[in-house]
Amino acid sequence: MKSKVLNIASILGTDIRVRSRIYEVVNCMDESSDYIFDLSGVEFISRSFADELISMVEKSDRSIQLINTNPDITALLRIVKAGRSVRRPDTGSICIHNLADMKEVEMFFCK
């Protein structure tokens, strides 16, 4: 079966900041096809959207591949996937961390 290509930028735009936007992608999919999600043109995805995207790929009954991710999105997807296995204790308080680059983000979420 040939995979269908979905251009994510044409569906969601180049700046994806909200977790729930994944449902707009789901609405473009049919039940039986495999998919290639082409992220060319997507400049930014939030951590929460990355988490939803990873969940969709991992839980899907069909094959979903991601192509043409820019270096920052590739790094963020790797960081989010690695960070899912790290559980942080609930301290009951909120801390804000200023992280200068993707390396600091990776170190924060994957330690």
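**Close-up views of the predicted chain**

**View 1. A look at Tyr35 and Phe37, which are both buried.** Buried here is under 20% relative accessible area, exposed is over 50%, and partly exposed is whatever falls in between (1.4 Å probe, protein chains only). This is a predicted model, so to speak of local features takes a pLDDT of at least 70 and side-chain atom pairs count only at pLDDT 80 or more, while totals for chains, interfaces and linings use all residues. Residues are numbered from 1 along each chain as its sequence is written, and side-chain values use heavy atoms, with hydrogens and water left out. Searching the whole structure turns up one aromatic pair. Tyr35 and Phe37 form it: ring centres 6.5 Å apart and planes at 50°, so the pair is tilted. For the record, rings of Phe, Tyr and Trp (its six-membered ring) pair if their centres lie within 6.5 Å; under 30 degrees between planes is stacked, over 60 is edge-to-face, and the rest is tilted.

**View 2. The largest nonpolar core, with 23 residues.** Such a core is a set of buried Ala, Val, Leu, Ile, Met, Phe, Trp, Tyr and Cys residues joined through side-chain atoms within 4.5 Å. Ile8, Met29, Phe37, Val42 and Ile45 touch the most other members. Helices (H or I, at least four residues) and strands (E, at least two) are DSSP runs, numbered from the N terminus. Zoom in on Met29 and you find it touching Leu6, Tyr35, Phe37, Met56, Arg62 and Ile64, leaving aside residues up to four places away in sequence. A contact is heavy atoms within 4.5 Å.

**View 3. H3 packs against H4 at about 70°, axes 9 Å apart.** Axes are lines fitted to C-alpha atoms, for helices over the stretch in contact, and angles run from 0 to 180 degrees between N-to-C directions. The two helices are therefore roughly perpendicular to each other; that label covers 65 to 115 degrees, with under 35 roughly parallel, over 145 roughly antiparallel and the rest oblique. H3 brings Arg47, Ala50, Asp51, Leu53, Ile54 and Glu58 to the contact, and H4 brings Leu76, Leu77, Val80 and Lys81. By class that is six nonpolar, no polar and four charged residues. Nonpolar means Ala, Val, Leu, Ile, Met, Phe, Trp, Tyr, Cys and Pro; charged means Asp, Glu, Lys and Arg; the others, Gly among them, are polar.

**View 4. H4 again, now with helix H5 (residues 102-109).** Their axes come within 9 Å and cross at roughly 10°, which makes H4 roughly parallel to H5. On the H4 side sit Asp72, Ala75, Leu76, Arg78, Ile79 and Gly83, meeting Met102, Val105, Glu106 and Phe109 of H5. This contact has six nonpolar, one polar and three charged residues.

**View 5. Asn68, in the loop between strand S5 (64-67) and H4.** Asn68 has a positive phi of about 60°, though it isn't a glycine. Its relative accessible area is 46%, so Asn68 is partly exposed. Over in helix H4, Thr74 also counts as partly exposed, at 34% relative accessibility. Its C-alpha atom is 24 Å from that of Ser33, 41 residues away along the chain.
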